Amino acid sequence: MSSVNVVSSFAKNIADLVGRIEYRRIVSAEDRQAVFRLRYECYLREGAIAPNATMSFEDDLDTASNVWIFGLFLDGILASSIRVHIADPDHPVAPALEVFGDILGARIVRGETIVDPTRFVVDHELSRLYPGLAYATVRMGMLASEWADADYALATVRTEHRAFYRRLLFMEPVGEPRIYPNLKNPINLMGVSFPLMRQKVYDRYPFMMSTRAEQESLFGPRPVKTGKENAPGPAAGRTAAAA
């Protein structure tokens, strides 16, 4: 089987999974606690945090004005979660800016919009049953970048996870690993120009695409950015709609 066919088969399997998933913005106290518990279980399992009495993992950035927390529900069960900060000159707040501000700060000063997905966790048992959950969850970063008309997409990840983001999103390491607040392991900054990367990702992995309707159902009305066209990108043609 050719590599093209392998990618096509893989992408179809993930698209089928995406079609079963409900992407939900986490708002209620009950849903937030479920996400914080899932975070705790995942980070504790991988040795990234120490046990605590609350069996919950959250921080001050969970209440920032420019944060969105999402849960992915598979057959009604919380299967994974991811947090997204969208930083720009009006809202210069994001986890990566706190750690890599000397690298990223100049982008904000230039007026760029940066999408910073963090707290990416997947239920351990469900991840074994559905390996594609990781890809379906990372999709939220693409969806957020499309909605925000991002200039720069990034990921802050452990060293062993860099290959995943390079392969999937064409990201490259920026600078050296650094100590990250509340985590035991050093974290790498990975980044890429979203306008240059987006079509390559969509061409190879169509399940990453989203419609404007899906974007706005999760983030609200799309913001208008001065000097940029406010038109939907190639994602408007996606066929595997999420619930």
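Okay, let's start at S210, which sits in the loop between α8 (194–204) and α9 (212–219); helices here are DSSP runs of H or I with at least four residues, strands are E runs of at least two, and both are numbered from the N terminus. This is a predicted model, where local features need pLDDT of at least 70, side-chain atom pairs count only at pLDDT 80 or more, and totals for chains, interfaces and linings use all residues. Residues are numbered from 1 along each chain as its sequence is written, and side-chain values use heavy atoms, with hydrogens and water left out.

So, is S210 buried or exposed? Buried, with a relative accessible area of 1%; the cut-offs are under 20% for buried, over 50% for exposed and partly exposed in between, using a 1.4 Å probe and protein chains only. Its side chain also makes a polar contact with the side chain of Q215, at 3.0 Å. That term means a pair of N or O atoms within 3.5 Å, and within protein one must be able to donate a hydrogen and the other to accept it; residues adjacent in sequence count only if both atoms are side-chain atoms.

Now zoom out. The protein chain has nine helices and seven strands, and of its 243 residues, 51% count as buried. Take contacts, meaning heavy atoms within 4.5 Å: among those with a separation of 6 or more, residues 24 or more positions apart account for 72%.

Last, the lining of the largest pocket. β4 (114–122) is one of the elements that supply at least two residues to it, and β4 gives the most, with seven.
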